[in-house]
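Open the model in your viewer and keep the sequence panel beside it.

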Amino acid sequence: MADNDQAVQTASSRPGLLDKFFEITHRGSTIKQEIRGGIVAFVAMAYIVVLNPLILGGSQDIAGDSLDFAQLTAVTGLVAGVITILFGVVARLPFGLAAGLGMNSFLAVSVVQEVTWADAMGLVVINGVIIVLLGATGIRTAIFNAVPHALKIAITVGIGLFIAFIGFVNAGFVTRTPAGPPVQLGQDGSIGSLPTLVFVFALVLIGILVARRIPGGILIGIIVATIAAIIIQAFAKLGTVGDPVNPDPLGWNLSAPEFPKQVIALPDFGLIGAFDLVGGFQHIGVLAATMLVFTLVFTNFFDAMGSMTGLARSAGLQTEDGMFPRIRGAFIVEGLGAVFGGGASASSNTVFVDSAAGIAEGARTGLAACITGVLFLLSMFFSPLIAVIPMEAGAAALVVVGAMMVTQIREIDMTDFRTSLPVFLTMVTMPLTYSIANGIGVGFISWALIHAMSNRARQVHWLLWVVSAGFVLYFVRGPISAILGA
């Protein structure tokens, strides 16, 4: 009888198929923890469902055409959902993917001033195919291995500073100045808006909950802050900062937190397939179009590499040599995010640093990514309800997560200036230029030059020299494009 009880107990303690596939127990997590982390990651990323259509839909191309907002909302959720689930199943990492803010801004501000939207999305697809090939052939992994350990940690810390800065800016806690210093506190040096106070409230609340190790602290903080914002809006009737008709400088950053008149909306997938692979080369020439593709590849390649490095380290999945599980599969699927995003006119989809919110909540496996992906797919139908969450509430979570990531600086030996200067430049360039890729490039170039000029050239991997040379071209692409167009 005792043997039977022991057998039943042993069988019940065995991990199920889901646990085995995602290695949930092996990574010190639970299914409940993964679900919670996936939900938190989605909440932190949900603003992209609204923000991506605003960025892409707000610019006319060279032909005077623009993309439809409702269609953009549908494809943004669709591509993010599909690629995040695929990433979770293949790479089995707790990273969410969605339309990259750097890439969509570059397309809206620069690329479509030279080509049509269909041409631009065709270039994004080509960029994705190149990224996939680099991942499948192992070239991307080789470049990853060539990066010194100190720079990998610096990338993580820099991303932490970057997402914290994004949070401050999104909340209106930090704003541009009309003249003088580039940024300032709030409005004219003061915190004078109710939405920014909601951010401060959310930041303090989440900070307390996380410090006290309350399960679901980040998600609880976001929900409570959203409820507070809805109550405030019901009485204050604030507008939005970016309203094209009546902008309210003291209003909400993205959308006012009000209960929508319509909760469910059927998605319109009319933009799927609306791309042209050769149009860009025909309209502006092979050399100019190639320079655009080069810029897209570099931005996509190193933004994603930096994000994955930082997130893997935050999740405790990075090994001593800086690697993480299923790295080749992760690189390939991330490249497919660009292919799918361009093919659906949603812009290139890449790993989102905002996923760190889910990791901070306990996500450690691809199951969390699958949960995030499913929620993105549901967002296609519930986009009016998602828009209720104010950006100010999600911004507070980003600042808290940024603080968590910055603590890893303690693992860098800063006593050698050959290390400390490139590390410092990597960390500060990311938030100050609003680009992960820029920070990586400055770090690579300074590391190679300083070591070479101080009799340490042999310590620089030859691939780091190659990539640094590529970054030099990347940083001077503007003058090169001007010369080619002259």
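**Whole chain**

Colour by secondary structure: the chain carries 22 helices and four strands. These are DSSP runs, with helices as H or I of at least four residues and strands as E of at least two, numbered from the N terminus. This is a predicted model, where local features need pLDDT of at least 70, side-chain atom pairs count only at pLDDT 80 or more, and totals for chains, interfaces and linings use all residues. Residues are numbered from 1 along each chain as its sequence is written, and side-chain values use heavy atoms, leaving out hydrogens and water.

Now show the C-alpha trace. Along its principal axes it spans about 85 × 60 × 45 Å.

Buried residues (under 20% relative accessible area) make up 54% of the 486 residues.

**Into the core**

Which residues touch the most other members of the largest nonpolar core? Select F87, F95, L107, F302, F444 and F471; the core has 123 residues. Such a core is a set of buried Ala, Val, Leu, Ile, Met, Phe, Trp, Tyr and Cys residues joined through side-chain atoms within 4.5 Å.

Next, select helix α13, residues 286-314. This helix gives the most to the core, with 11 residues. Then colour domain 1 (20-259 + 279-412) and domain 2 (413-480), with bounds from an automatic or database domain assignment. The core draws at least three residues from each.

Finish on F302. Leaving aside residues up to four places away in sequence, F302 touches I143, I436, A437, I440, F444, V467 and F471 (heavy atoms within 4.5 Å).

Conventions
Buried means under 20% relative accessible area, exposed over 50%, partly exposed in between (1.4 Å probe, protein chains only).
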